[in-house]
Amino acid sequence: MGSVFSPYYLWANRKDFADPNNHCCINVALYSPGKKRWTMTERGKRFNYRDASNFKVGPSDLHWNGQSLEINIKERAVPFGQKVIGKVKVHPEQLFNYSVPLDAQGKHRWGPLAPTSRVEVEFTEPQLKWSGHAYLDSNEGDEPINRPFLEWDWARSLLKDGSTAVMYDVREKNGREYLLALKFNQDGSITNFELGSRQALPKTMWHIQRHIRSDKTKVAVIQDLEDTPFYSRSILQSIWLGEEVSCMHETLNVPRFSATIVQMMLPWRMPRLT
């Protein structure tokens, strides 16, 4: 809701706050070799419905059955229009009711809902099936992200004891820096942990400078998943809490996102149906 990287939502917010219900999408990214797919079709409010247990966006929907989150996906990939049809079931091992502000004004908040979960994935288009570890969180805001933020690095990792560690390293336009390093434990508790200094990673193809905090300087990029003019997603190797961990990592460069040329490019990646 209020698709965060939507150029249409950004344009609509320039004069006044736009209705987030009019800018909704289901983003699917599949990275299996030979079966890579990307969908992010935005739909206006006449295509969308939600209540306490359901969220429907066009032909796709999410349903919370009281025990697990069921996601039914019926989308078209860009740029070639391939069908992306499948089901995803997320089974939380522990639910968390936790939220923390990311900016000085408290207008942007983040919190994991089920940071350690089990997932079952089955697609018929393309044919894919697997199960494993999953992570589910939530971001919400009272204003567009391009107002307070300059950039951030985010990462999370499953630890040996079954807990999930998350890092949020935020830089605001006003010069404020804010670091979150939280461990979400299997018993439902949340603890802070110490992270080392900020380590620079190799720049992406689009020259986005990535960073990660690590106990030691031993950091490495294992695989690049997304490489865009303003955003990257990668799998990294780092040291957290004395463990060598594989991290899902994201970097966002907000000035790049707001640049006119990038906004003109995004509709090719994010079509819209009104």
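Author: Here are some questions and answers about the overall shape, the cores and the strands. Please keep in mind that this is a predicted model.

Reader: What makes the radius of gyration agree with a compact globule?

Author: For 274 residues, a compact globule would have a radius of gyration near 19 Å, and the protein has 18 Å, so the two agree. Along its principal axes, the C-alpha trace spans about 50 × 40 × 35 Å.

Reader: How many of the residues are buried, and what does that word require?

Author: A residue is called buried when its relative accessible area is under 20%. Buried residues make up 47% of the 274 residues here. As for the surface, the protein exposes about 14000 Å², with 52% supplied by carbon and sulfur atoms.

Reader: Why is a group of residues called a nonpolar core, and which members of the largest one touch the most others?

Author: The name applies because the members are buried residues of nonpolar kinds such as Phe, Trp and Tyr, joined through side-chain atoms within 4.5 Å. The largest core has 29 residues, and Phe5, Trp110, Tyr168 and Phe230 touch the most other members. Elements giving two or more residues to this core include strand S13 (149-158), strand S14 (164-172) and helix H3 (260-269). Apart from it lies another core, of 18 residues, among them Phe55 and Val84.

Reader: What does Phe5 touch, leaving out residues up to four places away in sequence?

Author: Phe5 touches Ile145, Phe230, Tyr231, Leu252, Phe257, Leu266 and Met270. Each counts as a contact because heavy atoms lie within 4.5 Å.

Reader: How do you know that S10 and S11 pair, and in which sense?

Author: Pairing needs at least two bridges between the strands. Strand S10 (residues 100-101) and S11 have 2 bridges and pair in the antiparallel sense, with Val100 opposite Trp110. In their hairpin, which has 6 residues between the strands, Gly106 takes a positive phi near 70°.

Reader: Which other strands pair with S11?

Author: Strand S9 (residues 83-92) pairs with S11 (residues 108-125) in the antiparallel sense over 8 bridges. Strand S12 (residues 128-141) also runs antiparallel to S11, joined to S11 by 13 bridges, and a hairpin of 2 residues links S11 and S12.

Reader: Why are S1 and S22 said to stand at the edges?

Author: Their sheet is open, with 3 strands in the order S1-S4-S22 and mixed pairing. Strand S1 (24-25) and strand S22 (272-273) each have a single partner strand, so one side of each is left without a neighbour in the sheet. S4 (residues 42-43) runs parallel to S22, with 2 bridges between them; Arg43 has Leu273 as its bridge partner in S22.

Methods: Residues are numbered from 1 along each chain as its sequence is written. This is a predicted model: local features need pLDDT of at least 70, side-chain atom pairs count only at pLDDT 80 or more; totals for chains, interfaces and linings use all residues. Side-chain values use heavy atoms; hydrogens and water are left out. Buried means under 20% relative accessible area, exposed over 50%, partly exposed in between (1.4 Å probe, protein chains only). Helices (H or I, at least four residues) and strands (E, at least two) are DSSP runs, numbered from the N terminus. The radius of gyration is taken over C-alpha atoms; the globule rule is 2.2 Å times the number of residues to the power 0.38. Accessible areas come from the Shrake-Rupley method with a 1.4 Å probe; for residues, only the protein chains shown count as cover.
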